[in-house]
2 protein chains.
Amino acid sequence: MSALVDELLAGKHSALARVITKIENRSPGYREIISDLHRHTGHADVVGITGSPGAGKSTLVDKVAAEYRDRGLTVGVIAIDPSSPFSGGAVLGDRIRMASNAGDMDVFFRSMSARGSLGGLSTATTDAVTALDAFGKDVIIVETVGAGQNEVDIVRTADTVAVLVPPGSGDDVQMLKAGILEIADVFVVNKADLDGADRTVQQLREMLQGRGGTAGHHGGMGLERPGGDGDAGDDGDAWDPVIVETVANRGEGVDAFIEALAEHSDYLDRTGQREAQERERFAAEIRTLLREDANRLLSRELVQRGGIEQYVDAVVARETDPYTVVDDVLTPLRDCLDADHPR
Amino acid sequence: MSALVDELLAGKHSALARVITKIENRSPGYREIISDLHRHTGHADVVGITGSPGAGKSTLVDKVAAEYRDRGLTVGVIAIDPSSPFSGGAVLGDRIRMASNAGDMDVFFRSMSARGSLGGLSTATTDAVTALDAFGKDVIIVETVGAGQNEVDIVRTADTVAVLVPPGSGDDVQMLKAGILEIADVFVVNKADLDGADRTVQQLREMLQGRGGTAGHHGGMGLERPGGDGDAGDDGDAWDPVIVETVANRGEGVDAFIEALAEHSDYLDRTGQREAQERERFAAEIRTLLREDANRLLSRELVQRGGIEQYVDAVVARETDPYTVVDDVLTPLRDCLDADHPR
């Protein structure tokens, strides 16, 4: 095990930061580091928070992190911007500085960007969560912008998914239907003091009822669970998404949000869903890594064979065709695997 | 070589239809058929036509096919709807019947749908074009809806790409910027007799000028190339997209559209771009097939090893981790390839 891993496990934030940089850059040795760290994971609560730009994600995340900190928990935040090729940029830089200046490194902020492929970014997020979990952070927040497929993949690295909805955005509620609705455990209507917030809450509730859910929510600030029909989470094994209203910049509703997250966490433990989700995530990760590595292996094999151009030449000359080329390249692999599994 | 291939090469439309059905369903033996057919390809002009629903694609395609037919050319049309799980549905069924009843099988219509994965659909399109080309069709039209990444991939199987823009849709012109603009060789403003058509043409022209092009176009119906600045295609090796106005249901502008397609085809031959594009397509096809086949091989390998669940068990128990699992599965392959390439 490397000295870097030892330092990370010993609680050095500088080692944690260096490991995440290696993960982000896919530096040599990062895979061995993640392999070494994996056995130390499984203790953190991982919360994914997503929402459109301007919904107030970073303000809410800052307040939530501070509140967890006040409760004596350690927190790690990974902010991911799939659309930016830069990391540690100005916005997040400020937040890092803020935390660092206070000497409060128990809230560890870190940004990651889309340097590699976007598929790679969701793998990198998983690896960064592994590092923070092994480090011993109690709560890990994965923050990402938007609601596309890439963001869905990223936010799926979390046990609990919260989606921020800006008020007065009937259209945005419609947009949510495309992918995010299915994975949201908690909806947060932030800036709930603005006009249109009530209508947004109403629209969310109708949307959830439309799919058979009975979202717990009341008209005022924060979260309330009426004893009866709104009692989400106890209805068999199903979790009914919760709607929370917050005014993050004034800190209002933050406690209620944390309560909703805690309820979902309890639900995951009570129903065995936490392990079920973990198994799904690991299976998906194995498949993704297999695909990525096999593609790399095949690219190398093409180079070893003199490059793809000679094959293209032959295909253009109609001496061979793409299917025959692919069979030609893959037959040694197929034979090799068959030799390992005699029939 | 199979009897089916012989029949197709002998010009039997029933064999062509059966081959495309095999391609669509990925029936056993379809790969060998494509391999056999490949050497007979390279003679057709392949035109891709895309545009939003209601832009008038099918009407235009019907008129264009009929006009080619009148000029003594044989035509094949493949219509692809990535959003539909059905093929040969009602709409296209009518068109097939229309052509069949007339006994005019030199215009061969066929629809394909998204039965498999969408990546698979673009491979299937390539294979269907191979079948039509080997059959001896002079012109092959690939018609697809929309402007998403999948449609871009599908339409890229063509030598020349035409994009239909409905008039009066300033928003739609904006939407085009996402991916389709870059691959359009010809823009068709169909229903050019409607209000807003002039404005749409103007917007397209401004958009093209914004990227440095000098689209050939005049204000009236059809296509005109002013001798000077609009002389697209002769400006070094670059092709400046052409804008054509049509009223397809009255047949207006169809000749001008065919002229624009012919000019682009000449340009491809004159500049060597046709072969360059063909090489790019073959390279992309080889890479795609390699990826698809390798994934299938690995899925089979996981099953051979007793399924992914045992690995997930071990990862959950922290006895191993995803990276180690993947190395474990891929090491035999890596060793095998290395044995073939001693250093």
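Me: Before I look at any detail, how confident is the predictor in the complex and in chain A?

Reply: Begin with the overall scores and then move to the separate parts. For the complex, the predictor gives an ipTM of 0.85 and a pTM of 0.78. Chain A averages a pLDDT of 82, and 78% of the residues score at least 70. Among the elements of chain A, helix H10 (residues 254–271) has the highest mean pLDDT, 97, while helix H5 (residues 90–101) has the lowest, 44.

Me: Which stretches of chain A have a pLDDT under 50?

Reply: One of them is residues 85–94 of chain A, for which the model has 14 contacts beyond four places in sequence. Over residues 224–234 of chain A the pLDDT is also below 50, and this stretch has 22 contacts in the model beyond near neighbours in sequence. Where pLDDT is low, the predicted coordinates should not be read in detail.

Me: Now for the place where the chains meet: how many residues of chain B are in contact with chain A?

Reply: An interface can be read by its residues, by its area and by its pairs. Here 58 residues of chain B are in contact with 58 residues of chain A. The area buried between the two chains is about 5600 Å², and carbon and sulfur atoms give 65% of that area. Between chain B and chain A the count is 10 salt bridges, and one of these joins Arg300(B) to Asp338(A), with the closest N and O atoms 3.1 Å apart. The rule for polar contacts finds 22 residue pairs across this interface, with both residues at pLDDT 80 or more.

Me: Which helices of chain B supply the side that touches chain A?

Reply: At least two residues each come from helices H3 (30–38), H6 (118–135), H12 (273–304), H13 (309–316) and H14 (322–340) of chain B. The element that gives the most is H12(B), with 20 residues. Sorted by type, the residues on the side of chain B that touches chain A divide into 26 nonpolar, 10 polar and 22 charged.

Me: If I take H13(B) as an example, which of its residues are buried, and against what do they pack?

Reply: For a helix, find the buried residues and then ask which elements they meet. In H13(B), the residues Tyr311(B), Val312(B), Ala314(B), Val315(B) and Val316(B) are buried. The buried residues of H13(B) pack against H12 and H14 of chain B, and also against helix H3 (30–38) and H11 of chain A. After H13(B) comes Arg318(B), whose phi is positive, near 60°.

Me: Is Glu278(A) buried or exposed, and which residues does it touch?

Reply: Glu278(A) lies in helix H11 (residues 273–304) of chain A. Glu278(A) counts as buried because its relative accessibility is 14%, and the cut-off for buried is under 20%. Leaving out residues up to four places away in sequence, Glu278(A) touches Val316(B) and Arg318(B).

Me: What is the accessibility of Arg71(B) and Asp255(B), and where do they lie?

Reply: Arg71(B) and Asp255(B) form a salt bridge with their closest N and O atoms 3.2 Å apart. Arg71(B) is in the loop between helix H4 (57–70) and strand S2 (75–81) of chain B, whereas Asp255(B) is in helix H11 (residues 254–271) of chain B, 184 residues apart. Arg71(B) is partly exposed, with a relative accessible area of 45%, and Asp255(B) is partly exposed, with a relative accessible area of 45%.

Me: Which residues of chain A are linked in a network of salt bridges?

Reply: The network links Asp45(A), Asp159(A), Asp269(A), Arg274(A) and Arg281(A).

Technical notes. Residues numbered from 1 in each chain as written. Chains lettered and ligands numbered in written order. Predicted model: local features only at pLDDT ≥ 70, side-chain atom pairs only at ≥ 80, totals over all residues. Heavy atoms only, no water. Contact = heavy atoms within 4.5 Å. Buried area = accessible area lost by both parts, 1.4 Å probe. Salt bridge = Lys/Arg side-chain N within 4 Å of Asp/Glu carboxyl O. Polar contact = N/O pair within 3.5 Å; in protein donor to acceptor, adjacent residues only side chain to side chain. Helix = DSSP H or I, 4+ residues; strand = E, 2+ residues; numbered from the N terminus. Nonpolar A, V, L, I, M, F, W, Y, C, P; charged D, E, K, R; others polar. pLDDT = per-residue confidence, 0-100. Buried < 20%, exposed > 50% of the residue type's maximum accessible area, 1.4 Å probe, protein only.
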